[in-house]
Amino acid sequence: MNYKVFVNKDNPISNDYLNSMHLVDYNGIMVEKKALNMFKLMLNENNLDVNIIKAYTNDKRDEHVTGLLLDINKDIDSTLLEKYGFIKEEKSIRYTGKSTAKIINDNKLTLEKYNEFYNKSFLVLVNKPSSITSFDVCEKVGKIFDTKKVGHTGTLDPLASGLMLVLVNKYTKLNNLINYDYKEYIAVVEKGIETDTLDITGKVLKQKNKIMIDDLKDVLESFKGKYMQEVPIYSAVKINGKKLYEYARENKTIDLPKREVEIKDIELIEEDNNSFKFRCLVSKGTYIRSLIRDIGTKINYPLTMKSLLRTKEGKFKLDDSIKLSDININSKKLYLKDIFDYEILDIDDDLYKSIINGVKVKVDFNGKRLIKYNDEIIGIVENINGYISKKFIDI
């Protein structure tokens with residue numbers, strides 16, 4: 001249930017939204033269930049004598065159709081309303097949820113103005129700091145943009161930093177379409193130790209004196225190409241419905257799966273007695289921790305990952321990202337035309353209706369297309385067996 005949906009004559013409510021509504025009867029007036037529960041809680045906890053005189057109507061161009069806009073017979077203070085997730089709208093109150101109500105009140109916005117800035121779908125390039133999880137990044141982005149619908153295109157371990165492609169609201173459905181083949185990293189390797197996690201945070205399993213490695217540049221370059229890489233035990237890969245790191249924490253032995261990965265490019269950046277740094281361009285699904293372990297295995301010398309920086313994912317670069325601490329509502333956002341390089345297909349009203357309703361329409365293009373309707377890029381379609389197929393629509 002979207003409590004922030006805005007409805008007027010230019011933004012009529014969708015049938016999908018109508019079907020998701022849960023209206024309940026309150027003294028003969030139909031009210032959205034959660035809005036009514038919070039209204040009643042507000043009255044009971046503050047001993048208020050206030051009545052609802054109007055709520056749901058079936059006019060799809062009127063805010064009342066949501067069942068969230070409540071006309072009341074007495075005024076209630078905005079600060080008190082915010083505490084229960086309501087905002088004031090002239091002689092009415094409107095349930096939006098607590099975080100949204102606070103943003104609207106703090107910034108002195110109407111719900112209409114709120115929807116110009118928030119409640120949008122987009123991708124943002126985030127520069128993740130080390131020591132926090134990818135989930136932490138999504139959680140913070142969600143708070144900034146006032147949504148719980150946040151995802152990403154590839155996990156970075158807590159130790160790692162760098163580029164994350166973070167998807168907000170409806171764009172979370174694009175995850176399967178944003179499928180870049182290669183990612184670039186810069187890794188720093190600690191010499192002379194190997195750990196159970198394959199990085200510097202783990203328990204030391206092997207240890208040797210630190211040395212300069214003979215022909216290190218050639219050793220790295222020997223990894224160019226495809227090879228079968230063993231997945232690290234401390235990873236979220238599932239075996240028999242259980243994540244590998246759960247087996248590790250229970251000290252259970254399990255055969256680790258191997259996957260074909262490709263090291264597209266790899267080069268030594270610098271080396272000293274204690275460590276070395278290298279850059280690599282690798283296929284999606286490659287574990288840099290495992291690559292470092294395999295380099296160590298090849299030269300019979302323990303190595304472990306000290307730090308990792310993701311510098312590129314597909315066509316996106318770290319230089320174009322925003323530090324997590326600097327992200328705000330005005331930060332640069334990327335949309336379909338920025339993300340995908342597909343050709344654009346202009347569609348008219350009839351084709352728009354056919355696509356939305358899943359009507360079979362023959363097409364003469366190959367692959368995928370961005371679709372443009374009323375001068376806006378609104379989605380992605382694909383030719384499937386000669387017919388147009390809806391892949392994603394942002395409306």
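Visitor: Which residues are buried in helix H11 (residues 349–357)?

Guide: This is a predicted model, so keep that in mind. In helix H11, the buried ones are Leu351, Tyr352, Ser354 and Ile355.

Visitor: Why are they on the same side of H11?

Guide: Because they cover an arc of only 165 degrees around the axis, they end up on the same side of H11. In general, an α-helix has 3.6 residues a turn, so residues three or four places apart point the same way.

Visitor: And which residues are exposed on the other side of H11?

Guide: Over there you'll find Asp350, Lys353 and Asn357, which are exposed.

Visitor: OK, what covers the buried residues of H11?

Guide: The cover includes three strands: S22 (368–373), S23 (376–384) and S24 (387–393).

Visitor: What caps the N-terminal end of H11?

Guide: That's Asp348, which has a side-chain oxygen 3.3 Å from the backbone nitrogen of Asp350. After H11 comes Gly358, with a positive phi near 70 degrees.

Visitor: Switching to rings: how many aromatic pairs does the structure hold?

Guide: It holds 11 aromatic pairs. One of them is Phe223 with Tyr227, an edge-to-face pair at 5.9 Å centre to centre with 75 degrees between the planes.

Visitor: Are Phe223 and Tyr227 buried or exposed?

Guide: Phe223 is buried, with a relative accessible area of 9%. Tyr227 is buried too, at 18%.

Visitor: What about Tyr352 and Tyr373, are they stacked or edge-to-face?

Guide: Tyr352 and Tyr373 are stacked, 4.1 Å centre to centre and with 5 degrees between the planes. Tyr352 is in helix H11 and Tyr373 in strand S22, so this pair ties together parts that are 21 residues apart in sequence. Both Tyr352 and Tyr373 are buried.

Visitor: Which residues do ring pairs link into a cluster?

Guide: Tyr3, Phe86 and Tyr95 are linked that way.

Visitor: Is Asp294 buried or exposed, and what does its side chain make a polar contact with?

Guide: Asp294 is buried, with a relative accessible area of 15%. Its side chain makes a polar contact with the side chain of Arg293, at 3.0 Å.

Visitor: Last one: where does the charged end of Lys333 sit?

Guide: Over the ring of Phe122, 5.6 Å from its centre. Lys242 also lies over a ring face, that of Tyr247, at 4.9 Å from the ring centre.

Technical notes: Residues numbered from 1 in each chain as written. Predicted model: local features only at pLDDT ≥ 70, side-chain atom pairs only at ≥ 80, totals over all residues. Heavy atoms only, no water. Buried < 20%, exposed > 50% of the residue type's maximum accessible area, 1.4 Å probe, protein only. Helix = DSSP H or I, 4+ residues; strand = E, 2+ residues; numbered from the N terminus. Arc of directions from axis to C-beta. Contact = heavy atoms within 4.5 Å. Polar contact = N/O pair within 3.5 Å; in protein donor to acceptor, adjacent residues only side chain to side chain. Phe/Tyr/Trp six-rings, centres within 6.5 Å; stacked < 30°, edge-to-face > 60°. Lys NZ or Arg CZ within 6 Å of the ring centre and 35° of its normal.
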